[in-house]
Amino acid sequence: MSEERFGEFVLVRRHGQVAELVLDRPKAMNAVSTEMARSLTAACAALAADREARVVVLTSSHERAFCVGADLKERNSFTDADLMRQRPVARAAYTGVLELPMPTIAAVHGFALGGGFELALACDLIVADGTAVVGLPEVSVGVIPGGGGTQLLPRRVGAARAAELIFTARRVEADEAGRLGLVDQVVEPGRDRDEALALAARIAGNSPVGLRAAKRAMRLGVGLDLRAGLEVEDAAWRTTAFSGDRAEGVAAFNDKRRPVWPGE
């Protein structure tokens, strides 16, 4: 296993074809400061360009929190001009996770609030342990979810459910979060990282060309009518149909062996 640090607060660990993107600011429960946002953006840019990384798992080094959102202590010192300057920096961090081209899984335990939950929502799948507490409490401090929450949460749970959660600013514990679809899998306390990495390893056994194309088709198709969505799907299919991965997949099936994906 290799490691690469991006700034002081973000770490990337390699587990073969699975990359673990670690939020590593434990003294602040991974509150997203300006510096941490820049590091997260840089780490995501590096991962997006890495053809060896088939799946990314977003984890936390803090025992009791995934991420508590924006660093409000830092923001308390901001002028209006400071806040405006920080906005594109913060936005780039959330967009960096959202636009990773490979499948992404968030491993959530403890608090995942505000921007912390938005980082999880930016992933394709969320595995949470029994200690998880999620929510978007931004209206309780005078703003709105600004890391994608107003757009990602309705797409995950529907408009009315998202409205209730955002308007009340309430926190949701793991079992209810699982029932509502705020997270995809609830596991035993302390097992979120292990289960997310195991899921990532299963996904990583599939064609990297296929995985990226399937993600692209699903992401681009959201919000389109069915006819337009099927055109998006057809374009994505064409990128796989004439790939080395497709040829290897068919050959391996006929030879009754595990495929060795060329990844192109």
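Predicted model: local features only at pLDDT ≥ 70, side-chain atom pairs only at ≥ 80, totals over all residues.

Trainee: Which strands pair with β6, and in what sense?

Mentor: On one flank there's β4 (residues 55–60), which pairs with β6 in the parallel sense over 3 bridges. There, Val-56 stands opposite Thr-104 of β6. The pairing of β6 with β8 (residues 125–129) is also parallel, over 4 bridges. Along that pairing, Ile-105 sits opposite Leu-125 of β8, and Ala-106 is opposite Ile-126.

Trainee: And how do I read the two faces of a strand like that?

Mentor: The general idea is that side chains in a regular strand alternate between the two faces of the sheet. In β6, Thr-104, Ala-106 and Val-108 lie on one side, with Ile-105 and Ala-107 on the other, and all of them are buried.

Trainee: Why is β6 described as largely enclosed?

Mentor: Because 5 of the 5 residues of β6 (residues 104–108) are buried, the strand is largely enclosed by the rest of the structure. The cut-off to remember is that buried means under 20% relative accessible area. β8 is largely enclosed too, since 4 of its 5 residues are buried.

Trainee: How many bridges join β8 to β11?

Mentor: There are 3 bridges between β8 and β11, and the two run parallel. As one example, Val-127 has Gln-185 in β11 as its bridge partner.

Trainee: Now the packing. How many residues does the largest nonpolar core have, and which of them have the most contacts inside it?

Mentor: The largest nonpolar core has 51 residues, and the ones with the most contacts inside it are Leu-21, Phe-66, Leu-119, Leu-153 and Leu-182. Helix α1 (residues 34–48) contributes the largest share of this core, 6 residues. There's also a second, separate core of 14 residues, with Val-187, Ala-196, Leu-197 and Leu-199 among them.

Trainee: On to charges. How should I think about salt bridges?

Mentor: Side chains of opposite charge can pair when their charged atoms come close. Searching the whole structure turns up 18 salt bridges.

Trainee: What about the salt bridge between Arg-170 and Glu-176?

Mentor: Their side chains meet at 2.9 Å, N to O. Arg-170 is partly exposed, with a relative accessible area of 26%, and Glu-176 counts as partly exposed at 24%. Then look at Arg-257 and Glu-248, where the closest N and O atoms of the salt bridge are 2.6 Å apart. Arg-257 counts as partly exposed at 36% relative accessibility, whereas Glu-248 counts as buried at 15%.

Trainee: Last one: which residues form the nonpolar patch on the surface?

Mentor: Leu-72, Val-141 and Val-143 form it, and together they have about 270 Å² of accessible area. Val-143 lies in the loop between β9 (133–135) and α5 (149–157). With a relative accessible area of 43%, Val-143 is partly exposed.

Terms used: Residues numbered from 1 in each chain as written. Heavy atoms only, no water. Patch = residues over 30% accessible without salt bridge, like charges linked within 9 Å, V, L, I, M, F, W, Y side chains within 5 Å. Areas by Shrake-Rupley, 256 points an atom, 1.4 Å probe, with all protein chains shown as cover. Salt bridge = Lys/Arg side-chain N within 4 Å of Asp/Glu carboxyl O. Buried < 20%, exposed > 50% of the residue type's maximum accessible area, 1.4 Å probe, protein only. Pairing = 2+ DSSP bridges. Core = buried A, V, L, I, M, F, W, Y, C linked by side-chain atoms within 4.5 Å.
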